[in-house]
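Student: I would like to learn how to read a structure one feature at a time. Could we go through one together?

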Amino acid sequence: MSDRSVAITSPAFSLNEASPPVPSRPPMAARTKLLLEGRILPTLLRVAAPNVLNLLAIAGMVTFDGLFLGRLGADTLAGVSLAFPWVMFMQHAANGGMGGGVSSAIARALGAGRRDKADALVYHAFILAIVVAAIFSTSLLLGAPYLFRWMGGRGEMLSAALAYSNAAFGGAICIVMLNILANAVRGTGNMTLPGFVIMGSVIAHILISPPLIFGWGPIPALGPAGAGLGLMAPFGVGSLVLVAYLRSTRAIITLKFRGVSLQWALFAEILKVGVPGLINAGITNLSVALLTGIASHLGREAAIGYAMGARLEYILIPIGFGFGTAISAMVGTNWGAGQYRRARSIGWTGAATVAATFATIGMVVALFPEMWMGLFSNDEQVVRLGTSYLQIMGPIYGFYGLGTALFFVTQGVGSNMWTMIANAVRLLVSAAGALLAIYWLDLGQVGFFVAVASGFCAYAALATGATLRVKEPAATQPSKQQNHWSRSRLKIG
């Protein structure tokens with residue numbers, strides 16, 4: 001049975017009408033009913049389970065790229081490490097950023113029984129994907145040489161960074177479109193299809209990257225550029241798969257290219273959550289880039305050691321995202337339906353689950369750090385410094401998980417500004433503390449690592465405070481609610 005076959009379309013209306021009539025609420029889709037009525041923890045685990053595919057996919061991309069490129073030498077690995085945070089920034093900005101705004105808006109629309117609005121939101125999400133991708137390609141292609149030099153790139157290290165980034169940033173539309181459309185599907189409660197599509201795209205990337213990097217038969221050795229090209233092509237194919245699904249009758253929501261007018265109210269519905277989400281993704285990736293730049297002043301080995309240790313955070317982020325998208329969809333659907341107490345219970349249950357998961361992984365890596373560092377380098381100094389970082393950070397990752405999950409909770413209710421600010425404070429605490437430890441207190445690498453850990457603790461504390469202060473939206477009359485697209489407003493006192 002298709003997703004759509006269990007849903008009944010709400011009465012048609014014009015998107016240009018100033019005061020559309022209040023439609024009767026149709027029977028809801030089975031997925032929506034599950035989010036509204038299912039037992040919280042079992043439903044959360046059930047909805048989040050397919051996102052483990054995303055974890056495996058992103059983990060594979062992070063790990064195998066490092067394995068392949070590490071065989072080209074330390075300069076190549078260090079150069080790609082300068083570019084990699086910005087490629088992941090595109091991924092996270094489209095996924096947990098603008099994509100999160102899309103998922104939240106669609107979930108709240110479906111929770112309120114407004115599938116017609118959800119259909120219109122998909123088209124607006126498609127247009128936003130094109131615009132966001134163009135901004136990424138233009139700004140990063142032009143700014144990469146200056147950015148990588150500021151981060152310490154010189155000589156072969158800079159050449160490798162530019163070769164990889166030019167290929168990746170030139171195909172930004174592939175990453176952005178795949179992730180935004182995947183979130184449109186997730187907003188309906190369907191986590192399985194996006195998981196399989198992204199998993200398939202990354203498996204294809206892992207398979208085609210070695211021939212492109214090292215050369216095979218008639219394929220020339222492209223070096224770092226091969227890794228970038230090997231990423232863009234499969235993600236482009238994955239985007240087409242999701243477009244075809246959203247155009248089919250199997251989806252709860254439909255991507256229509258005709259008969260839908262662009263409306264600022266719908267863009268605003270996405271952007272009010274998507275912009276803070278995009279900024280939050282930028283902060284997350286900027287923190288790694290900025291701290292890599294600071295670490296480079298302690299020497300090349302320190303920069304590589306920190307960058308390789310911090311790659312574990314790019315494994316933790318997909319775990320947080322896997323649970324977070326489920327949390328956001330469940331919270332958003334219940335918030336849109338006015339089930340505020342249940343939405344809060346879902347949020348805290350999800351936050352505790354993510355925090356416990358991060359803490360467990362962190363403790364394992366803290367106890368056996370050489371297993372992780374040995375994947376990327378045999379340089380004793382690099383391994384020693386990366387091991388020191390993981391031993392200090394491992395026990396702290398539970399706080400990182402708590403802050404990450406609470407960001408998705410506030411994203412689900414439609415107002416994530418304050419949890420985004422909490423993440424910004426994390427970056428400031430880490431960067432300022434690192435500079436203080438290095439240049440004033442002369443604490444070296446250990447002081448630098450402790451400063452990074454302090455930022456994660458600050459993030460968890462501030463995100464918890466922001467979430468506790470969330471208030472329910474004020475009651476509105478039905479006609480006014482419909483006129484404003486059933487917007488759920490949130491006040492943070």
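Student: In which helix is the place of Met177?

Tutor: Note that this is a predicted model. Met177 sits in helix 7, which covers residues 172-186.

Student: Is Met177 buried or exposed?

Tutor: Met177 is buried, because its relative accessibility is 7% and the cut-off for buried is under 20%.

Student: Which residues is Met177 in contact with, leaving aside its neighbours within four places in sequence?

Tutor: Those contacts are Phe126, Ala129, Ile130 and Ser239.

Student: How should I read a nonpolar core, and which residues have the most contacts inside the largest one?

Tutor: In soluble globular proteins, nonpolar side chains tend to be buried together. Here the largest nonpolar core has 136 residues, and Phe148 and Phe448 have the most contacts inside it. Helix 4 (residues 74-111) gives the most to this core, 18 residues. Beyond its neighbours within four places in sequence, Phe148 is in contact with residues including Leu82, Trp86, Leu162 and Phe169.

Student: Where does helix 5 bend?

Tutor: Helix 5 (residues 115-150) bends by about 55° at Ala144, and Pro145 follows within four residues. After helix 5 comes Gly152, with a positive phi near 105°.

Student: How many disulfides are there?

Tutor: A disulfide is a covalent bond between the sulfur atoms of two cysteines. The count in this model is 0. Among the cysteines, Cys174 is buried at 16% relative accessibility, whereas Cys457 is partly exposed at 30%.

Student: How do I read aromatic pairs, and how many does the structure hold?

Tutor: A pair of aromatic rings is described by the distance of the centres and the angle of the planes. The structure holds 9 aromatic pairs. In one of them, Tyr123 and Phe257 have ring centres 6.4 Å apart and planes at 80°, so the pair is edge-to-face. This pair links distant parts of the chain, 134 residues apart: Tyr123 is in helix 5, and Phe257 is in the loop between helix 9 (224-246) and helix 10 (264-296). Tyr123 is buried at 12% relative accessibility, while Phe257 is partly exposed at 37%.

Student: What kind of aromatic pair do Tyr400 and Phe456 form?

Tutor: That pair is tilted, with 4.5 Å centre to centre and 50° between the planes. Tyr400 belongs to helix 15 (residues 397-413) and Phe456 to helix 17 (residues 444-468). Both residues are buried. Arg426 lies over the face of Tyr459, 5.9 Å from the ring centre.

Terms used. Residues numbered from 1 in each chain as written. Predicted model: local features only at pLDDT ≥ 70, side-chain atom pairs only at ≥ 80, totals over all residues. Heavy atoms only, no water. Helix = DSSP H or I, 4+ residues; strand = E, 2+ residues; numbered from the N terminus. Buried < 20%, exposed > 50% of the residue type's maximum accessible area, 1.4 Å probe, protein only. Contact = heavy atoms within 4.5 Å. Core = buried A, V, L, I, M, F, W, Y, C linked by side-chain atoms within 4.5 Å. Bend = angle between axes of the 7 residues up to and from the residue. Disulfide = S-S within 2.5 Å. Phe/Tyr/Trp six-rings, centres within 6.5 Å; stacked < 30°, edge-to-face > 60°. Lys NZ or Arg CZ within 6 Å of the ring centre and 35° of its normal.
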